[in-house]
Amino acid sequence: MSSPCDPQYAPAGDVGAALMVIDSRLRAVYDGRTETDPEQQQLIDQFAASLGPGGLEDLLDGACTLIYMYMRWLRLAYEDHDKDVIEYVVPNLVATMRMMPKSVRPEAIPIMAGLVIAAGLDLSPGLWRRQYGDWTKGELNPLEVTAFLLAEHINRVTGDQDFATRLITKALACADQD
């Protein structure tokens with residue numbers, strides 16, 4: 001029986017824009033810039049404002065699509081080693097978020113863990129989240145952090161700082177060809 005959270009029913013959103021945000025954060029961290037660059041944040045804020053209400057919804061859906069795609073890749077990678085992706089990814093993600101109280105308020109962590117678990121169970125994280133109403137302003141930054149941490153986890157597992165970005169750009173290129 002099909003679930004209402006089946007990924008086939010989920011809007012993909014603006015995956016390219018979401019990837020741009022995550023990739024810029026990854027590059028900053030890999031370059032040793034762990035503090036938020038005010039100029040970069042201003043550009044991201046201006047970009048988000050330029051999207052308008054529909055565009056912001058597309059960006060949120062795009063971030064959820066990234067989370068789904070990253071968890072799908074991780075699930076397949078962990079299954080190749082007879083390991084459970086939820087067991088190996090979620091505790092680390094939650095522990096890392098708990099160390100980031102400026103970026104991720106404690107009350108947002110269960111929702112972000114739920115998004116990742118939904119994706120790990122092959123459900124749409126965006127549709128899973130919609131069951132609980134509209135996104136709150138307090139969940140926007142944690143959503144970005146979640147996608148970032150999953151991308152960084154993939155890069156660390158593969159030993160390649162650009163792997164997670166290439167993974168998505170290749171998938172987008174294949175989708176454009178179809």
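Asp84 sits in the loop that joins helix H2 (38-79) to helix H3 (85-98), in a model that is predicted. Its relative accessibility is 40%, and therefore Asp84 counts as partly exposed, since that class lies between the limit for buried, under 20%, and the limit for exposed, over 50%. Asp82 is found in this loop between H2 and H3 as well, and because its relative accessibility is 75%, Asp82 counts as exposed. The backbone of Asp82 also deserves attention, for its phi is near 55°, a positive value in a residue that is not glycine.

Asp122 lies in the loop between helix H4 (109-120) and helix H5 (125-130), and with a relative accessible area of 32% Asp122 is partly exposed.

Stepping back to the whole protein chain, the reader can count seven helices and zero strands, so that the order of elements from the N terminus on is written α-α-α-α-α-α-α. Taken along the principal axes, the C-alpha atoms fill a box of roughly 45 × 40 × 35 Å. A compact globule with 178 residues would have a radius of gyration near 16 Å, and the protein chain, with 15 Å, agrees with this. Of the 178 residues in the protein chain, 40% are buried.

Conventions: Residues are numbered from 1 along each chain as its sequence is written. This is a predicted model: local features need pLDDT of at least 70, side-chain atom pairs count only at pLDDT 80 or more; totals for chains, interfaces and linings use all residues. Side-chain values use heavy atoms; hydrogens and water are left out. Helices (H or I, at least four residues) and strands (E, at least two) are DSSP runs, numbered from the N terminus. Buried means under 20% relative accessible area, exposed over 50%, partly exposed in between (1.4 Å probe, protein chains only). The radius of gyration is taken over C-alpha atoms; the globule rule is 2.2 Å times the number of residues to the power 0.38.
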